[in-house]
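Visitor: Please take a close look at the aromatic pairs in this model. Which rings meet, and what lies over their faces?

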Amino acid sequence: PTAWNAALSNCGDRTTGTGNMLLVNGSPTPNVVVWQQSVVVQPNTNYEFSTWLQALWPPNPAQLQFAINGVQIGNVFSAQLPTCTWRRFNTLWNSGNNTTAVISVENKNTAIQGNDFALDDMSFAPVTYKTDSVFIRLSSATITASADTVVCSGTPVRLGASGGSTYQWQPAAGLSDASSSNPLATIVAGTRFVVTGTDANGCTGTDTVNVGVLPTPLLRLLPTDTTICPGASVVLRASGASQYRWSPATNLSDTLLSNPVATPTGTIRYTVRTTGANGCAAADSVLIAVRPKPQFALLPDSSSFCAGASVTLAASGGDAYLWQPALGLSGVTTPQVVASPTQSATYKVRIVSAACNDTATLVSRVVVNANPELVLSKSNELSCSQPTTQLTASGALFYAWRSTPGLSNYAMANPMASPTSTTTYAVVARDANGCSDTDSITVVFGLNADFRLFQLPNAFTPNGDGNNDCFGIRKWGNVAVKYFEVFNRWGQLIFTSKNASNCWNGNFKGNPQPSGNYIYRLWVDTPCGPIKREGNVVLIR
């Protein structure tokens, strides 16, 4: 088509897409014969005329009328969109007395634009009829259901049906399988079941089964779930039936009575199964819980503390409490009390659990340890001539002096004190029980101007025996050293320090120095004024 008119769709022929077909530019004049052919026919013969039509351009698809011997056959036939879509026209025609058939295709679309189409695979052929027969056999399905029955409520009953190949029961509620021939029905109210069966020929039939329901015994059980105290009994009462059977038999007076006595030793559920006059059964159960023994407790059961302290005693497991003796207690009826006795005591608490009236009396021993009696003393008061004093604490096992300046040791009973002014020293003492006492002592410092009393030794023996092993001014107390130097006989400096607590141990660069005479120089500021000295000291080995 595009080779004929570039505006047309690129359509192909109907069978292969690459063969020939008739392309038509539709005329705007109505009833123009598009195509016509004369064909020889046999009189009184049925013929079928057929052709295929497609649109080549979308505007105004073709509208054609087919005619034989000038007589229209069929209705106006339109091309189908989209373009290139083949549509078949066919119709039957009887030749009657005719021996010739003039077949015509007439254009019925008068629009100027569009109306471009193609025809293909046109045929005209006689029609031959053949006959055959079919035998239809009428059949009906005979479906037979099981007999009507009566069951106890909730008791399964088997239904049955025969005569078909497949089955469908209605209603399906309560059935194990609504499409089975013998479903199991479990219902609580009377029900009419209808079964529809289908045989091998596809024919159907129906039947019904009426299932009546007998009432179950109206079982009543008392008490409901309950709790009892250990060793107690409870009467179980069932009514509404004619026969009873209890289980388990554990701690029951009789398993066949309607009102047996239960004396369980632990929590247990008893079930009663009953049978009514109509033979239907019912069951129910009751849970008998045995209340556990209360867990009475008292903490701590023993304790010890120092005089003046306290301890919390906590009892538990009950609803009411009574403490004795009341002396030293914060209360007597609460589960938790604070005990602050002045001496050792034994406290008792009576605990009551109201549920089963259980009681217990528990004991707690409280030991009160006496605090140590701290005694402090000093060897002397201080002055420029006596700058140190020994403090002594007694009456305890451990001592802790407060970090006040001027003490040689803060954790011993008898430290040396060398303050530069009147000072108060406090100490905390503890005994083996951890009990403590606190006291303090004041060391008085009195000034004088007797500098001569600040002496240094003229000899020392560094032999490691703990006596006179070091040469220095540690005993002068808390003084400010400007310089403290020691020289050998050749004038070599072998020791120097600005710390009053340091002293020369007779060594130089880690090597012991020989016995002999050594020279020292000293300048210190003391509470009583400055001291400058030079002198000799003898090292003796």
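Guide: A search of the whole structure, a predicted model, finds 15 aromatic pairs. Start with Y483 and W523. Their ring centres are 6.0 Å apart and their planes stand at 80°, so this pair is edge-to-face. Y483 belongs to strand β42, residues 480-487, while W523 belongs to strand β47, residues 516-526. The pair therefore ties together parts that lie 40 residues apart in sequence. W523 has 24% relative accessibility, so it counts as partly exposed.

Next, a pair that also involves strand β47. W504 and Y518 are edge-to-face, with 5.1 Å from centre to centre and 65° between the planes. W504 sits in strand β44, residues 503-504, and Y518 in strand β47. The two residues are 14 apart, and their pair links distant parts of the chain.

Now burial. W504 has a relative accessible area of 1%, so it is buried. Y518 is buried too, because its relative accessible area is 5%, and buried means under 20%.

Together with F460, F471, F484, F495 and Y520, they form one aromatic cluster.

Finally, the charges. Return to the rings of Y483 and W523. R521 places its charged end over the ring of Y483, 4.7 Å from the ring centre. Over the face of W523 lies K532, at 3.9 Å from the ring centre. Thus Y483 and W523 pair edge-to-face, with R521 over the ring of Y483 and K532 over the face of W523.

Key: Residues are numbered from 1 along each chain as its sequence is written. This is a predicted model: local features need pLDDT of at least 70, side-chain atom pairs count only at pLDDT 80 or more; totals for chains, interfaces and linings use all residues. Side-chain values use heavy atoms; hydrogens and water are left out. Rings of Phe, Tyr and Trp (its six-membered ring) pair if their centres lie within 6.5 Å; planes under 30 degrees apart count as stacked, over 60 as edge-to-face and the rest as tilted. Helices (H or I, at least four residues) and strands (E, at least two) are DSSP runs, numbered from the N terminus. Buried means under 20% relative accessible area, exposed over 50%, partly exposed in between (1.4 Å probe, protein chains only). A charge sits over a ring if NZ of Lys or CZ of Arg is within 6 Å of the ring centre and within 35 degrees of the ring normal.
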